[in-house]
Amino acid sequence: MLGPGARSGISALPEVAWRRHARPQQCPARGARAPGVAMTSELDIFVGNTTLIDEDVYRLWLDGYSVTDAVALRVRSGILEQTGATAAVLQSDTMDHYRTFHMLERLLHAPPKLLHQLIFQIPPSRQALLIERYYAFDEAFVREVLGKKLSKGTKKDLDDISTKTGITLKSCRRQFDNFKRVFKVVEEMRGSLVDNIQQHFLLSDRLARDYAAIVFFANNRFETGKKKLQYLSFGDFAFCAELMIQNWTLGAVDSQMDDMDMDLDKEFLQDLKELKVLVADKDLLDLHKSLVCTALRGKLGVFSEMEANFKNLSRGLVNVAAKLTHNKDVRDLFVDLVEKFVEPCRSDHWPLSDVRFFLNQYSASVHSLDGFRLVAQHVCLCPGVCPSHPPVSPPFPHSVRRPAER
Amino acid sequence: MPGKLKVKIVAGRHLPVMDRASDLTDAFVEVKFGNTTFKTDVYLKSLNPQWNSEWFKFEVDDEDLQDEPLQITVLDHDTYSANDAIGKVYIDIDPLLYSEAATVISGWFPIYDTIHGIRGEINVVVKVDLFNDLNRFRQSSCGVKFFCTTSIPKCYRAVIIHGFVEELVVNEDPEYQWIDRIRTPRASNEARQRLISLMSGELQRKIGLKVLEMRGNAVVGYLQCFDLEGESGLVVRAIGTACTLDKLSSPAAFLPACNSPSKEMKEIPFNEDPNPNTHSSGPSTPLKNQTYSFSPSKSYSRQSSSSDTDLSLTPKTGMGSGSAGKEGGPFKALLRQQTQSALEQREFPFFTLTAFPPGFLVHVGGVVSARSVKLLDRIHNPDEPETRDAWWAEIRQEIKSHAKALGCHAVVGYSESTSICEEVCILSASGTAAVLNPRFLQDGTVEGCLEQRLEENLPTRCGFCHIPYDELNMPFPAHLTYCYNCRKQKVPDVLFTTIDLPTDATVIGKGCLIQARLCRLKKKAQAEANATAISNLLPFMEYEVHTQLMNKLKLKGMNALFGLRIQITVGENMLMGLASATGVYLAALPTPGGIQIAGKTPNDGSYEQHISHMQKKINDTIAKNKELYEISPPEISEEIIGSPIPEPRQRSRLLRSQSESSDEVTELDLSHGKKDAFVLEIDDTDAMEDVHSLLTDVPPPSGFYSCNTEIMPGINNWTSEIQMFTSVRVIRLSSLNLTNQALNKNFNDLCENLLKSLYFKLRSMIPCCLCHVNFTVSLPEDELIQVTVTAVAITFDKNQALQTTKTHVEKSLQRASTDNEELLQFPLELCSDSLSSHPLPPAKAVTVEKASPVGDGNFRNRSAPPCANSTVGVVKMTPLSFIPGAKITKYLGIINMFFIRETTSLREEGGVSGFLHAFIAEVFAMVRAHVAALGGNAVVSYIMKQCVFMENPNKNQAQCLINVSGDAVVFVRESDLEVVSTQQPTANCQSSCTEGEVTT
C-alpha cells in the first residue's frame, strides 16, 4: 500500500516547495551586461560529443520557467558563489541547455526514438532520466484533471489550473499533453495497459502504473473534482484504478481477449445488479448482518455503531454497485462511495482498522450465504477512511471479484 | 586496375512524412557511383522501409574508387510529379582500399539534406572486391594509408620518415553568392558538397602517388583544407608527412602517450659539475624568426611579394652548415652533415608531425613563420593550379631559409593556413626550425637508430633545448646560458615552438594555455590598396602578438611555449591576431626574469605611486601563478651556472625597439634579482591598457587546467572520462567610433568569457584539463567576430600518484587488487545490465550517479549487452591522438567530411544559435555514424577545420559550411572497468610526484 509520502517519485516535494518560495521577480543577467561594452552576443552555442544534461536546468525547463526566470532562480540557488561564474555565463549556459531540451523534446514525445536517434549521444541512464522526468507530473496538477476528458476543452481550462496550482502554464501544458499522448497511443491497444505504456514510453514501472491510472480515469471519466473528494490524493485514486483494472475490466478476465484494460466489463456491471438481493431480501440481510456481527464481536471498537448502521451501510454499498450500468453513475462512483459509505463511517468515528475489518468480513460473509454463491462474491479490500487519520489507502470500500463460475 | 564495389541497401528508419495525406512515405533509394546509378524498389507507405535490396555492383577503376564518393539518395516516389528527395548519404570508400583498415562498411547512416538536416537513417552495406593482389595494387596510390594524427600512429612503427608531401587542386565554386542568387535551394549546395567530396578524393589520390614515388606507404599528419575564394573559385590543398610505417605485431609495446612523460626524472644530475667552458654569450632575444610580407615599394604589383624585415638572410645562408658548434664536438658536426645531406635532397625538409619517436629531434631552433598577402585573381582556370602552387612554394622557400638562418635543416610542426576576405588572401605558414637525427630519414630501422643514439648521443632529455646555431655567429641577438640540466651546452632563455612537448622533456610544475589577442582597425579599401594596407599592418601585429605572448609567459613564471599557433584573420575593416600556446617551465632553461614597469615621467609623485602599485600587482601575480602552476625550480647559485653576462641595455632595446625612450629607462635598476627583468614602459595610455590587459586574464577556476597541446605537462594520471566539444560565439560590435582599444577589449572579453563559460559548463568534471584547446577566429561580416573553440576535457585523478616507471610494479599490484574488486562487482554489473534491457529500470532512473558531461565511457561498458532498446553504440571523439586509459588497436581510415546546411526559416529554427547548434550536433552524429559503420568506436585527432557561418536575418536565411576530419579507430579499454580512486592506495601519492622529485 502506498501512501502519499512514498509517492515523491511523481510529485517531487522539494520542487513544489521551491516553486512556492522562489518566485522569480526579475532577471539579474539582463542588467548585468555592462552598459559601456559595445558588443552584443549574436550567437553562442556549446555542443558536446556527449550531450550535456544539467539536471537542475532540466527541472527548471520542465517546470516551464523562461530562460530569464530560470537564470534568476539559479542565481538564487547560490551557484555563482560556488563556481565563481558571472551572471552572463549563467545566462549563456541556461540558454544552451534550454536549446538542447527544446531539440530533445520532439524525441521525448516518442521515447523509443530517443534511444535510436543518432543526433544526441546520451548515456542510457541519462536517457532514462530525461524520459522519466519529462513524463513526471505534479500531484496538484493531476488532481485537477484526473477523470476529465483529455480534450481541447480541458486544455483551455489550463490557465485556471495554472493560476490555482501555481504551476506554470507551460508545465501544465506539457503534463496535459503527456497525458493525452499516452492516452492516444494506448487507447486502442490490446493487452496490459501498464505494459503497453511501458513499452511505448519506456517509463519506470511506478510511473507507468500512474499513467495507467490516469488513462483509465480519463477513459471512464470518473468524477474526482468534487469538494467532497478533495481530501483524496492522486495516489488514493491510482490505487483504486489499479484494482479496478485488475478486477473490473475485460482484460482482467482473459488477457487473450480482443479488448483492453481501459473499459469496464459491461457484463460484469450488469451482474452486479444481482447484488440487490442482499438488501432487498430481508432474511438474507439479517443473515448477512448476523454473520458479520458474530465474526466481529469484540474485535471492533465501534461494534455497536456498526451493528446499528449495518443495514444502511450495506444498502449504500449495494446500491452503488447496482447502479453501475449507467454511465452517469459510473462517473459518480467515487462521490457515491464517499457519500454512502465513507461519510457515515466518518461521522461515527470509525478507526481505519475497524473499517478494514468490517469490509473484509462484510464480503467474506457473503460466501456463506445460501443461494448467493452463484451470484457474486464481495471482496472488500479497502479499509476505508477515518477522518482523524490521513488516508493511508483509498476510500474505495469494495472491489468486487467476478463470479468464479463464468 | 578494376575493382568491384558492392552496395546493398538494407532498410530505412525514422523517415520523414512525405505524403501529408497518408502521413507516410513511399521511399526508394538511388545508389550512384561515378556515372552508374542503381535504384531499389519503391517501398510503399512506410516510415521504416525494408528494401533489403540485391547487391548493386559497380565495376570501376581504382582511380575512381579513390576519387569518387558513393552517393546514396533516398527519394519519395510520386506518381504524378517529380520524385521528392528526402536526403543523401555520401560514403567515402577509401578505408576499404587499404589492406589493414576496414573490410566492410555497414551500419545506419543519417540521411542528410542541406535544408532539413538529418531526416531519418538508412542501413547500408558496402564492400569492395579488388581483382588484383595487393602487390600490384600498391603501384597505384590506393594502398597508401592516411592519418590525421600528427605523430606516429600508436600501433605502427616508423621505419623511415620521408618528408613533406603537398598538393592542391582548384575548381570553380558552384555557389559563391548564395544569398542573392536565384536558384533551386538545394541544388547548388549539393553540387558543392559533391564537388568537394570529389576534389578531396582526387587530392588524396595525388598525394598518395607522391608518397609512392618516395617509396613510402603512409601519410601522417595529413591536413587538408578548403579555401573558399569566392568568385575566383575553390581550392582544396593538403600537406602531410610521408612515412614508411610497419604495423606492430603487439601494440602493447607502445605505452599510451599519457603515461609517458617525465619518467626517471630524478636521475637527472642537477649537482653535476658545471662545465668550465666560459663562452661570452651574446645578447638575448626570444627565439623567433619572423618575416612579414610587405609591399617592398610603392609600385605595388598585383601579387605582393614577401620580403624580410630587419632580419637579412644573406649572411646566414652559409652559416648553418659549416662551422658546427665548438660545444657540440665532432658528433654534432657529423650529425649536422648527415642530416643536411639527407635533407638537402628534398625541396622542402618539412614535417607536419608535432610529436616524434624518441631520438628523432636533436635540437630545436625556434619558431619560423612567413606570411604573404595575395590578391585573388579573377580569371581562373581550373586546369592550372600553378598560381596557387607558386604562392605556396614561395612561402615554403621563405620558411626554409629562416630555418637555415637558425642553423636548422628541417622544420617540424609545420602547418599552413589562409585567411580570405573578398579578394585579399593572407597565406601563412609556420613551423619550428629543428635539427633532426638523420637515421630516421634514411633507410634503416628505428631500433638500430635507437641503439646508436644511446651509444653516441648521451642525454637527450635536454638536448632539444640546446641551440642549433653557432653562438659566435648568431642570426639574431639572443641571451644564452649554459643548460641548467647538463651544464655543457648553451640554451636560450626562452624557447618558442609549434610542436608538442617532447615526452622526455623535463618540465617543472604544470603548464597553462597562453593566448595573445589583438585587433587592428583597417580602412576599407579595394584590391591593391587593401593588400598594401594589410601588408603594412602585419609586421606590427606580429610584433605585438609576440610581445604579448612574452609578457604573459613571464607573468606565468614560465620559459617555453609549445604548440604555438598564430592566426591572423583579415576582415573588411580590421585584422585580428590570435596566438595560442601552452606555456611550461623547462628545467633546462634559465628561470625567467620578472616584469619591470617603468614610468616615463618620474617627477610626478602620484604617478610614481601608481607605477609602484602596478609593479606590486604584477609581482604578486607572478608569485601567485608560480604557486598555481607549482613552479618551484631548484635554487642554483650563480657561480655554478657561470655568469650569463646579461646585457640589459641591448635586450630591452630590442624588445621595445619602437619606444624612443628606452635608453632612459634602462638607466633604472634592471638587475632585478639575479636576472634581468623584462621592462614594460608606461609612456601613454596605450601602454597602460596593455599592462591592464595583462592582468585581466583570469586563471581558470581551481581544479581546471588548460593547454593547447596533446597533453598537459605535469598531469598524466588521466581517467577515461572525456568530453569533446565545440563552442561557437559570434559577437556584433557596435559600429560607433570603434577604436583599437575598444576592439581589443571586446575581443579579449569574448575569448575570456568563452573560456569562463567552458569552465562553468564542465564543472562537474573537475579535476579536469582542457586539452588541445583550438581557437579559430573569423570575421564573417563587417561588425561580426566569430570565435570557434574545439577541445577535449579530460578528467584526471587528483589523488593517484603519477605513474612513473618505478611505480609500475605497484601499479600492476594495484591492478591485481582492482581485478578482485571487479570480480566482486561483476555480478552487480550484470544485474544492472539485465535491468537495463528492461524498458526502464526504476532504480536507474532515480539514482543518477554522475553529473552530466561525462561517462560515455562508463556507460559503454555497462550497456554492453545489446538490449533491444539501445542499439546506438557510443563513439568517442577527441582531438588528441590517443584515448586515455585505452589502447588503440586498429586504424580504420581517415574521416574527412564536408557539410553544408542552409535554412530559409531561420527564426523558426531557433535563430542563429538554434540553427548552428542543431547543425553541429548533426555533424557529430554523421561522423559517429560513419565511424561506427567502419566498425570503429572512436575518432582520434578530430579537428573541425572550417566552420563558415553566414546569415542574412532580414531574409530569414542562414548558411553554414563545416569541414571536419579525424582518424577512425578501434580502441580497447585497458581495464574493462575503470575503478576509480577509491581503491587506489593514496599513501604514496604526494611523495612520489614528479614535481616533488625535481624540485628537491
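Predicted model: local features only at pLDDT ≥ 70, side-chain atom pairs only at ≥ 80, totals over all residues.
Trainee: Why is Asn123(B) called buried?
Mentor: Its relative accessible area is 14%, and buried means under 20%, so Asn123(B) falls in that class. Asn123(B) is found in strand E8(B), residues 117-130.

Trainee: What makes a residue a neighbour that Asn123(B) touches?
Mentor: Heavy atoms within 4.5 Å count as contact. Leaving out residues up to four places away in sequence, Asn123(B) touches Lys8(B), Ile9(B), Val10(B), Ala11(B), Gly107(B) and Trp108(B).

Trainee: Is Met541(B) buried or exposed, and how do you know that?
Mentor: Met541(B) has 0% relative accessibility, and the limit for buried is under 20%, so Met541(B) counts as buried. This residue is found in helix H7(B), residues 527-555.

Trainee: Which residues does Met541(B) touch?
Mentor: With residues up to four places away in sequence not counted, they are Leu518(B), Arg520(B), Ile568(B), Leu575(B), Met576(B) and Gly577(B). Thr73(B), by contrast, is 468 residues apart along the chain, and its C-alpha atom is separated from that of Met541(B) by 48 Å.

Trainee: What makes E14(B) and E16(B) a pair of strands?
Mentor: Pairing takes at least two bridges, and 13 bridges join E14(B), residues 361-375, to E16(B), so the two are paired. They run antiparallel, and His363(B) stands opposite Val435(B) in E16(B).

Trainee: How do you know that E15(B) pairs with E16(B)?
Mentor: The same test applies: 10 bridges join E15(B), residues 410-421, to E16(B), against a requirement of at least two. This pair is antiparallel too, with Ala410(B) opposite Ala434(B) in E16(B). E15(B) and E16(B) form a hairpin with 2 residues between them, and Glu422(B) in the turn has a positive phi of about 55 degrees.

Trainee: Why is strand E16(B) described as mostly covered?
Mentor: Of its 13 residues, 424-436, 13 are buried, which means that each is under 20% relative accessible area.

Trainee: Why is the link between Asp44(A) and Arg729(B) called a salt bridge?
Mentor: The closest N and O atoms are 2.9 Å apart, and the limit is within 4 Å, so the pair qualifies. Across the interface of chain A and chain B the rule finds 5 salt bridges. The count of residue pairs in polar contact, both at pLDDT 80 or more, is 23.

Trainee: Which element gives the largest share of the side of chain A that touches chain B?
Mentor: E1(A) does, with 10 residues. By class, that side has 24 nonpolar, 15 polar and 12 charged residues.

Trainee: How many residues take part in the contact, and what area is buried?
Mentor: Chain A contributes 51 residues and chain B 71. The area buried between them is about 5,300 Å², of which carbon and sulfur atoms give 63%.

Notes: Residues numbered from 1 in each chain as written. Chains lettered and ligands numbered in written order. Heavy atoms only, no water. Buried < 20%, exposed > 50% of the residue type's maximum accessible area, 1.4 Å probe, protein only. Helix = DSSP H or I, 4+ residues; strand = E, 2+ residues; numbered from the N terminus. Buried area = accessible area lost by both parts, 1.4 Å probe. Salt bridge = Lys/Arg side-chain N within 4 Å of Asp/Glu carboxyl O. Polar contact = N/O pair within 3.5 Å; in protein donor to acceptor, adjacent residues only side chain to side chain. Nonpolar A, V, L, I, M, F, W, Y, C, P; charged D, E, K, R; others polar.
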